[in-house]
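Visitor: Could you walk me through the charged pairs and the nonpolar surface here? Show me the model before we start.

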Amino acid sequence: MQAARTGLVTVQGELRAGETVMAGVARLFDAAGCRGGMVFLDGITCDPLRYVLPALSSDGVHAAWYSDTLAPVGPTRVLRATASVGAREGQPFLHCHGLWQTGTPPVAMGHLLPLESLVAADCRVTGIGSREAWFDSLPDAETAFTLFQVAGGGAGSGLIARIAPGEDVVTAIETLCAAHGISRAALHGLGSIDHVRFQQGGRMDCLATELRLHGAHLRGGRAHVPIEVVDIAGRIKAGILKRGVNPVGVTLELLIEPIEDIA
């Protein structure tokens, strides 16, 4: 696990029609003086919207990969989406998983491409920014991917964090929070799990998945982690993660927000 302490501030404003999702988010975080954090893109409409699904790897190097780019026709409304905000090669970058829909069903889920998706109408979004810590895309020897890693850090009570492959999501979050004296927090994040197991008994039997936390929190040091997740066939499931049996696949990025401390 990687983690850096940081102060947290609210980031909010409008994404503007005609700009890329990346450009709009970068503008808002820059205006707030924040180098990283997370943003919630619920309710924005993109035209075009471009995304990929998780896929199995065929190169013998990576454990998983991405599908070809998927291109819904016409305006596509983002229902819910979480994006980690940071940098890649010194430029603003984000990593986003969410659910979206064109004018008619079905709902789709995947990994949004922020440089290829254009905002179709002005829309207000909110996020949580960090001025002292951020995510930085760096080569990762364990996975052979270039991934968001934790950079920077300060004296605040919030955490920017990453959990590496093989660590159980629920217990890793609890261990990380305990190490930093956090017992009550909102948990925001996205990443992948190798074969998802739900507390209520369901499962998603797939090596490669893309997920976002959905209303996750920590109370009394115990993590309650509902997620939304999609597999390589585009099947979507939702549920609460079962403790001890949900190993991170490639990565899990987190922003841990102590309840009392958001400005």
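Visitor: Is Asp140 buried or exposed?
Guide: This is a predicted model, so local features need pLDDT of at least 70, side-chain atom pairs count only at pLDDT 80 or more, and totals for chains, interfaces and linings use all residues. Residues are numbered from 1 along each chain as its sequence is written, and side-chain values use heavy atoms, with hydrogens and water left out. Buried means under 20% relative accessible area, exposed over 50%, and partly exposed in between (1.4 Å probe, protein chains only). Asp140 comes in at 12%, so the call is buried.

Visitor: Which residue forms a salt bridge with Asp140?
Guide: The term asks for a side-chain nitrogen of Lys or Arg within 4 Å of a carboxyl oxygen of Asp or Glu. For Asp140, the closest N and O atoms of the pair are 3.9 Å apart, and the partner is Arg162.

Visitor: How many residues apart are Asp140 and Arg162?
Guide: Strands here are DSSP runs (E, at least two residues), and helices are too (H or I, at least four), numbered from the N terminus. Asp140 sits in the loop between strand S12 (133–139) and strand S13 (146–152), while Arg162 is in strand S14 (residues 158–163). The pair links distant parts of the chain, with a separation of 22 residues.

Visitor: Which residues make the nonpolar surface patch?
Guide: Patch residues have over 30% relative accessible area and no salt bridge; like charges are joined within 9 Å, and nonpolar side chains (Val, Leu, Ile, Met, Phe, Trp, Tyr) within 5 Å. Ile232, in the loop between strand S21 (226–230) and strand S22 (236–240), is partly exposed at 35%. Areas come from the Shrake-Rupley method with a 1.4 Å probe, and for residues only the protein chains shown count as cover. The patch covers about 240 Å², and its members are Leu56, Leu207 and Ile232.
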